[in-house]
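Have it open while you read, and jump between topics as you like.

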Amino acid sequence: KQWYQRRVRVATFALKTLYNMLRYDTSNSFITADRFETLLPVLLDLISLPDITHLSPALAQLPVAANSDRLWKQYNFQLLNLSKSLLPAVRQNVVAVYKEFVVKLGQDYSVLLPDSLPFIAELLEDSDPIVEERTHLVVKAIEDITGESID
């Protein structure tokens with residue numbers, strides 16, 4: 001048990017540190033395409049954890065720090081593709097991270113909307129009420145950012 005708690009503390013510290021590095025990289029020099037492509041699958045593998053409190057900010061900040069349409073599209077597809085998981089908890093986590101990503105990206109998100117709509121439509125009809133409710137919050141955030149209804 002003590003071994004497990006130590007690993008959780010180390011992982012929490014690492015995620016908080018990564019988030020701060022991403023958040024305060026004002027020169028956009030830390031996250032290169034290679035680093036992005038190395039970090040993304042590792043972070044996405046953690047989305048099935050029961051508690052993503054520290055993962056979510058780092059995962060949502062990664063593409064923002066990358067500052068690249070191409071990498072945003074890659075992130076967008078890979079994250080939303082996880083929404084096809086059979087596990088409701090994974091879908092809930094995906095939608096939670098996605099909302100944070102949409103808000104962080106702001107107006108720049110509009111370039112991703114056409115590719116996102118099929119996933120969002122599917123999530124709006126999810127069998128899990130929490131996923132459906134959180135997806136409505138994502139839609140609201142998108143509408144607030146773009147100024148257009150996506151019904």
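**Val-90 and the rest of the picture**

Leaving out residues up to four places away in sequence, Val-90 touches Ile-47, Ser-48, Leu-82 and Ser-85. Keep in mind that this is a predicted model.

**More on Val-90**

- Val-90 sits in helix α5.
- With a relative accessible area of 7%, Val-90 is buried, because anything under 20% counts that way.
- Val-90 and Ile-130 are 40 residues apart along the chain, and their C-alpha atoms are separated by 11 Å.

**Ser-83, in a loop**

- Look for Ser-83 in the loop between α4 (69–81) and α5 (88–105).
- Ser-83 is buried, at a relative accessible area of 6%.
- A polar atom of the Ser-83 side chain lies 2.5 Å from the backbone oxygen of Leu-80.
- Not counting residues up to four places away in sequence, Ser-83 touches Arg-91, Val-94, Phe-119 and Leu-123.

- Asn-67 is in the loop between α3 (55–66) and α4, and has a positive phi of about 55° although it isn't a glycine.
- Is Asn-67 buried or partly exposed? At 45% relative accessibility, Asn-67 counts as partly exposed.
- Phe-30 is in the loop between α1 and α2 (33–45).
- Phe-30 is partly exposed too, with a relative accessible area of 25%.
- Setting aside neighbours within four places in sequence, Phe-30 is in contact with Leu-18, Met-21, Leu-22, Asp-25 and Arg-35.
- From Phe-30 to Asp-69, you go 39 residues in sequence and 17 Å in space, C-alpha to C-alpha.

**Aromatic pairs**

- How many aromatic pairs does the structure hold? There are 4 aromatic pairs.
- One of them is Phe-77 with Phe-119, an edge-to-face pair at 6.2 Å centre to centre with 75° between the planes.
- That pair links distant parts of the chain, with Phe-77 in helix α4 and Phe-119 in helix α6, 42 residues apart.
- Tyr-98 and Phe-101 are about one helical turn from each other, because they are 3 residues apart in helix α5.
- Tyr-98 counts as buried at 3% relative accessibility, and Phe-101 is buried with a relative accessible area of 0%.
- Tyr-98 and Phe-101 also belong to one aromatic cluster, together with Tyr-75 and Tyr-109.

**The cavity**

- Searching the whole structure for cavities of 30 Å³ or more turns up 1.
- The largest cavity holds about 30 Å³ of space.
- Which residues line the largest cavity? They are Leu-80, Val-95, Tyr-98, Ile-120, Leu-123, Thr-135 and Val-138.
- Helices α5, α6 (113–124) and α7 (129–146) are the elements that give two or more residues to that lining.
- By class, the cavity lining has 6 nonpolar residues, 1 polar and no charged ones.

- The largest pocket has a volume of about 400 Å³.
- It has 15 lining residues, and the closest to the pocket centre are Tyr-4, Val-8, Ala-11, Leu-49 and Asp-51.
- Helix α1 (residues 2–23) gives the largest share of the pocket lining, with 7 residues.
- The pocket lining divides into 10 nonpolar, 3 polar and 2 charged residues, while the lining of the largest cavity has no charged residues.

Note on methods:
Residues are numbered from 1 along each chain as its sequence is written. This is a predicted model: local features need pLDDT of at least 70, side-chain atom pairs count only at pLDDT 80 or more; totals for chains, interfaces and linings use all residues. Side-chain values use heavy atoms; hydrogens and water are left out. Helices (H or I, at least four residues) and strands (E, at least two) are DSSP runs, numbered from the N terminus. Buried means under 20% relative accessible area, exposed over 50%, partly exposed in between (1.4 Å probe, protein chains only). A polar contact is a pair of N or O atoms within 3.5 Å; within protein, one must be able to donate a hydrogen and the other to accept it, and residues adjacent in sequence count only if both atoms are side-chain atoms. Contact means heavy atoms within 4.5 Å. On a 1 Å grid over the protein atoms alone, a cavity is a set of points where a 1.4 Å probe fits but cannot get out, and a pocket is an open set with protein on both sides within 12 Å along at least five of seven lines; lining residues have an atom within 4 Å of a point. Grid points are joined across faces, edges and corners, and a volume is the space filled by probe spheres set on the points. Ala, Val, Leu, Ile, Met, Phe, Trp, Tyr, Cys and Pro count as nonpolar, Asp, Glu, Lys and Arg as charged, and the others, Gly among them, as polar. Rings of Phe, Tyr and Trp (its six-membered ring) pair if their centres lie within 6.5 Å; planes under 30 degrees apart count as stacked, over 60 as edge-to-face and the rest as tilted.
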